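Subject: Structure handover

Hello,

Please find the structure below. My notes come after it.

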Amino acid sequence: AVSLLFKQFYGFGKKLDKLGTLLCLISSMVVILINGDIRIAPISSQFVLPITLGVGGFIAYIDSTRQIPYGTYKSASKGWDAESDL
């Protein structure tokens, strides 16, 4: 199961930029830590994984506001109407 996780990380991670690869690696390590440690209850994944997702999103948001971001951020695609989201 662990080898499948790293295979998926490699397949998904090579399509990402530097920040995305780093966040993907950290998330993979957290999943392995939770599911492989006898002191951490497996039920804790229902709390830790959403928190990891939220922290990753917050880090990406902070990075997007920097002058020279690590990530690659594209503008909104054609047909996107930001006014209708308000």
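Predicted model: local features only at pLDDT ≥ 70, side-chain atom pairs only at ≥ 80, totals over all residues.

Residues are numbered from 1 along each chain as its sequence is written, and side-chain values use heavy atoms, with hydrogens and water left out.

Helix pair. The axes (lines fitted to C-alpha atoms over the stretch in contact, with angles from 0 to 180 degrees between N-to-C directions) of α2, residues 18-36, and α3, residues 45-64, come within 11 Å and cross at roughly 165°. That makes the two helices (DSSP runs of H or I, at least four residues, numbered from the N terminus) roughly antiparallel, a term for angles over 145 degrees. In contact (heavy atoms within 4.5 Å), α2 supplies Leu19, Leu23, Ser27, Val30, Val31 and Ile34, and α3 supplies Ser45, Val48, Leu49, Thr52, Gly56, Ile59, Ala60 and Asp63. These residues divide into nine nonpolar, four polar and one charged; Gly counts as polar, and Asp as charged.

Pocket. Of the 14 residues lining the largest pocket, Leu23, Ser27, Thr52, Leu53 and Gly56 lie nearest its centre. A pocket is an open set of points on a 1 Å grid where a 1.4 Å probe fits, with protein on both sides within 12 Å along at least five of seven lines, and lining residues have an atom within 4 Å of a point. The largest share of the lining, seven residues, comes from α2.

Regards

Technical notes. Parallel < 35°, antiparallel > 145°, perpendicular 65-115°, else oblique.
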